[in-house]
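Please consult the sequence and the structure shown below while reading.

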Amino acid sequence: MRDKSLHRPDTRAAAGDVRTPHPSAETEHAAGIGRSTPRPDGALKVTGQFAYSSDLWVSGMVWATTLRSPHASARIRSIDARKALALDGVHTVLTHEDVPGAKTYGMKVADQPVLAIDEVRYQGEPVALIAADDPETARRAAKLVQVDYELLEPVTDPQRALDGTARDVHPGGNLVRHVKIRHGDLAAARERADVVVTGEYEVGMQDQAFLGPESGLALPAEDGGVELYVSSQWLHKDLEQIAPCLGLPADKVRLTLAGVGGAFGGREDLSVHVHACMLALRLGKPVKMVYNREESFFGHVHRHPAKMHYEHGATRDGKLVYVKAKLVMDGGAYTSTSPVVIANACYFVTGAYEVPHAEIDGFAVFSNNPPCGAMRGFGAVQSAYGCESNMDKLARELGMDPLELRLRNAMTTGTVLPTGQAVDGPAPVAELLADLRNRPLPPAGADLLPGGLSNTTRGEGVRRGVGYAIGVKAIGYSGGVDDISTARVAVSVTGGRPSVAVHTAAAECGQGITTVQSQIAATELGVSRVVVLPADTRIGDAGSASASRLTWMSSGAVQGACRELSRELLRRAAERTGRPAESLALLDDHVVDPGGSPLVSISDIVGDDVLERVFEYHHRKTETIDPETGQGDAHIAFAFAAHRAVVDVDVELGLVKVVELATAQDVGKAMNPLSVEGQIEGGSAQGLGLALMEEILLDEQGRVRNPSFTDYLIPTILDVPPMPISVFEFPHPDSPYGLNGVGEPPTLSSTPAIVNALRDATGLALGRVPVRPDDIALAAQPS
């Protein structure tokens with residue numbers, strides 16, 4: 001049922017003793033760039049033999065657990081741990097008084113306590129740590145710790161938090177950041193608009209729902225430092241926060257990436273990191289921490305819930321004149337990455353379209369709800385949903401086909417964004433939309449009726465709908481951040497054969513960065529044996545596995561180191577063969593002539609030496625946006641994805657079946673086509689979840705009602721439809737090999753495409769996601 005095709009622009013433009021998960025990842029005869037290369041960790045993962053961070057083990061280790069607040073807002077009067085300490089097998093109980101260094105940390109602002117000091121600000125905030133001989137004893141001891149709370153009225157409504165009618169969650173007030181973008185002349189634009197539509201749209205709190213809960217193993221070191229093996233997305237940012245809290249210099253805190261069972265932004269913030277290290281240093285013993293599923297829901301940030309007001313103005317023939325929007329995002333109890341998430345949401349309020357005038361206000365606020373931060377799409381998911389929903393509303397008001405409206409306003413290279421920046425890379429919006437338009441629609445059939453395999457509907461009230469959406473997002477760090485990635489590559493001879501070792505801190509979260517690094521080394525150096533060493537902080541920063549940046553940035557670093565080594569190898573070969581270095585190449589473990597004939601083996605060239613190069617890659621400079629106007633060249637590149645969703649809806653029962661979810665996406669260069677397809681499928685599935693089922697539900701007191709996969713629903717194989725994919729390759733001029741980011745764009749357009757299809761089928765407004773059966777069934781009933 002899957003129909004995947006690859007389109008290139010020239011044919012389409014016109015149209016220790018620690019048991020660690022993977023001490024190294026080795027590939028033999030690694031396929032070159034642009035081929036579907038087997039992943040070195042693939043066989044272990046599909047056979048269940050891969051060890052994740054929760055599988056780490058070392059002799060003599062103790063187990064730790066966290067005591068968390070049951071309240072969303074309360075003062076702590078006292079903590080009494082005597083009963084817990086009296087339990088046989090308990091080693092220690094730690095509170096905020098035992099934090100050896102800085103008592104707070106944070107991704108952007110250090111406002112989050114390592115352990116609650118005098119107040120808890122969300123349900124699940126860590127209050128105490130317990131270490132014991134086994135996890136069961138640790139959990140029993142946690143129940144014996146007595147905490148005297150003085151309950152406070154929680155702030156759970158972000159609008160009240162913003163308008164000043166609720167108390168301050170933090171002494172400085174409830175506003176995290178106000179982003180303002182002023183582009184063109186809105187007053188004059190309103191005069192020219194023939195048609196104006198407004199809409200209110202809301203996005204619920206989505207969880208990353210990775211399958212491997214937070215876990216790590218901390219070992220005290222002989223030099224007074226600590227070794228931490230942990231699942232993470234950004235080891236160096238972790239280190240930056242951990243070391244001050246431990247009161248240690250950075251060189252005494254050493255992190256190694258353990259097996260990561262998914263991330264999607266949820267592992268950018270700290271979880272077990274400081275807690276495990278504190279206990280290991282206090283006890284002088286290895287300490288292991290593993291969250292269970294329920295604790296995982298409290299132990300990481302989530303996608304920001306958002307309420308958005310959109311106003312689109314257009315001429316009668318469908319040309320956009322202006323967009324005005326207001327976004328309010330609930331950041332929860334602490335800052336995390338909220339200042340950047342709200343900025344990213346505002347950057348792309350107007351979507352992948354030519355919009356000459358815009359007025360955008362975005363607010364991120366504090367509340368006593370769970371902290372929110374990074375999740376795949378990073379703010380652009382929310383604004384894409386609002387924009388694409390209102391575009392469909394505009395099309396209905398104009399009596400115009402929704403796809404035609406999008407094509408008429410499609411962004412192109414040279415389009416000036418609301419931030420004043422001109423798009424200088426590929427912007428194939430029209431090509432992606434045209435591909436979806438030309439794709440045949442799936443046939444109707446009894447096997448596609450809503451209700452799944454149980455045949456819960458007979459189809460009397462079933463209606464079919466088709467919806468389109470397109471999303472745009474910046475790739476890499478924006479707003480003046482100096483994005484960096486470092487790689488060390490070494491060539492040596494082992495067993496008579498040349499071998500390449502690649503060392504970076506790039507976090508393999510399942511997206512395939514280990515494979516890409518080995519592909520690059522094999523391609524650039526012509527060596528068939530490549531070893532990718534474990535990611536750790538002994539090598540320079542690689543940045544985060546986020547912002548769809550890791551392949552771009554780490555590829556640049558590995559490519560740079562390899563090309564320096566290549567020049568050295570060819571220089572040596574030139575001396576050996578008497579031929580000009582520029583006439584030689586590296587291929588199949590040999591130096592070859594222009595015709596590809598071997599001249600000398602790479603092993604002979606290297607000999608007993610170890611040739612090594614370290615390369616630090618930076619992307620081009622960007623600017624911070626002006627705080628009053630939002631103007632500035634903030635981004636290095638943009639990625640685009642479009643979806644067409646086909647749904648069948650039983651309007652009487654509210655049941656929905658997504659019949660097909662077709663995608664067209666520009667990836668710049670498909671470094672590993674199979675991995676590219678997997679990323680697109682995964683992002684589309686998460687967008688489907690947000691559209692129809694995924695939401696963390698809170699009660700009026702800010703307590704999570706569904707912290708389990710029984711009650712927090714994610715798509716299963718029975719929910720995910722066929723996903724035909726068209727992969728376009730429009731090389732980006734500034735990136736290694738012309739590649740572009742892949743992982744996040746599918747989440748932007750999949751959700752609004754599905755909901756637009758639901759609107760097409762039912763005629764309902766459906767302003768909030770996820771859309772639930774009663775949203776359809778109750779609304780469809782006659783009044």
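## Basis of the report

The structure is a predicted model.

Helix H18 spans residues 745-762, and its axis comes within 7 Å of the axis of helix H17 (residues 673-692), with a crossing angle of roughly 45°. This angle makes H17 oblique to H18. The crossing of H17 with H18 is right-handed. On the H17 side, the contact is formed by Gln679, Ile680, Gly683, Ser684, Gln686, Gly687, Leu688, Leu690, Ala691 and Leu692; on the H18 side, the residues are Pro746, Thr747, Ser750, Thr751, Ile754, Val755 and Leu758. Sorted by class, the contact of H17 with H18 contains nine nonpolar and eight polar residues, and no charged ones.

H18 also packs against helix H11 (residues 380-398), where the two axes cross at roughly 35° and come within 8 Å. The crossing of H11 and H18 is right-handed. H11 contributes Ala380, Val381, Ala384, Tyr385, Glu388, Ser389, Asp392 and Arg396, while H18 contributes Thr747, Leu748, Thr751, Pro752, Val755, Asn756 and Arg759. The contact of H11 with H18 comprises seven nonpolar, four polar and four charged residues.

## Helices H14 and H15

Helix H14 (residues 513-525) packs against helix H15 (residues 550-577) at an angle of about 25°, and their axes lie 9 Å apart. H14 is therefore roughly parallel to H15. Their crossing is right-handed.

From H14, the residues in contact are Ile513, Val516, Gln517, Ile520, Ala521, Glu524 and Leu525; those of H15 are Leu550, Thr551, Ser554, Ser555, Val558, Gln559, Cys562, Arg563, Leu565, Ser566 and Leu569. The contact of H14 with H15 consists of 10 nonpolar, six polar and two charged residues.

## Helix H8

Helix H8 covers residues 273-283, and eight of its 11 residues are buried, so the helix is largely enclosed by the rest of the structure. The buried residues are His273, Val274, His275, Ala276, Cys277, Met278, Leu279 and Ala280. After H8 comes glycine 284, which has a positive phi near 70°.

## Histidine 312

Is histidine 312 buried or exposed? Its relative accessibility is 1%, and histidine 312 therefore counts as buried. Histidine 312 belongs to strand S17, which runs over residues 306-314. A polar contact of 2.9 Å links the side chain of histidine 312 to that of asparagine 390.

Leaving aside residues up to four places away in sequence, histidine 312 touches Val195, Val196, Val197, Leu320, Tyr322, Val323, Cys387, Asn390, Met391 and Leu394.

## Leucine 144

Leucine 144 is part of helix H4 (residues 135-144). With a relative accessibility of 30%, leucine 144 counts as partly exposed. When residues up to four places away in sequence are not counted, leucine 144 touches Asp80, Lys83, Ala84 and Leu87. The C-alpha atom of leucine 144 is separated by 44 Å from that of leucine 327, a residue 183 places away along the chain.

Notes:
Residues numbered from 1 in each chain as written. Predicted model: local features only at pLDDT ≥ 70, side-chain atom pairs only at ≥ 80, totals over all residues. Heavy atoms only, no water. Helix = DSSP H or I, 4+ residues; strand = E, 2+ residues; numbered from the N terminus. Buried < 20%, exposed > 50% of the residue type's maximum accessible area, 1.4 Å probe, protein only. Polar contact = N/O pair within 3.5 Å; in protein donor to acceptor, adjacent residues only side chain to side chain. Contact = heavy atoms within 4.5 Å. Axes fitted to C-alpha atoms, helices over the stretch in contact; angles between N-to-C directions. Parallel < 35°, antiparallel > 145°, perpendicular 65-115°, else oblique. Left-handed = near helix turned anticlockwise from the far one by under 90°. Nonpolar A, V, L, I, M, F, W, Y, C, P; charged D, E, K, R; others polar.
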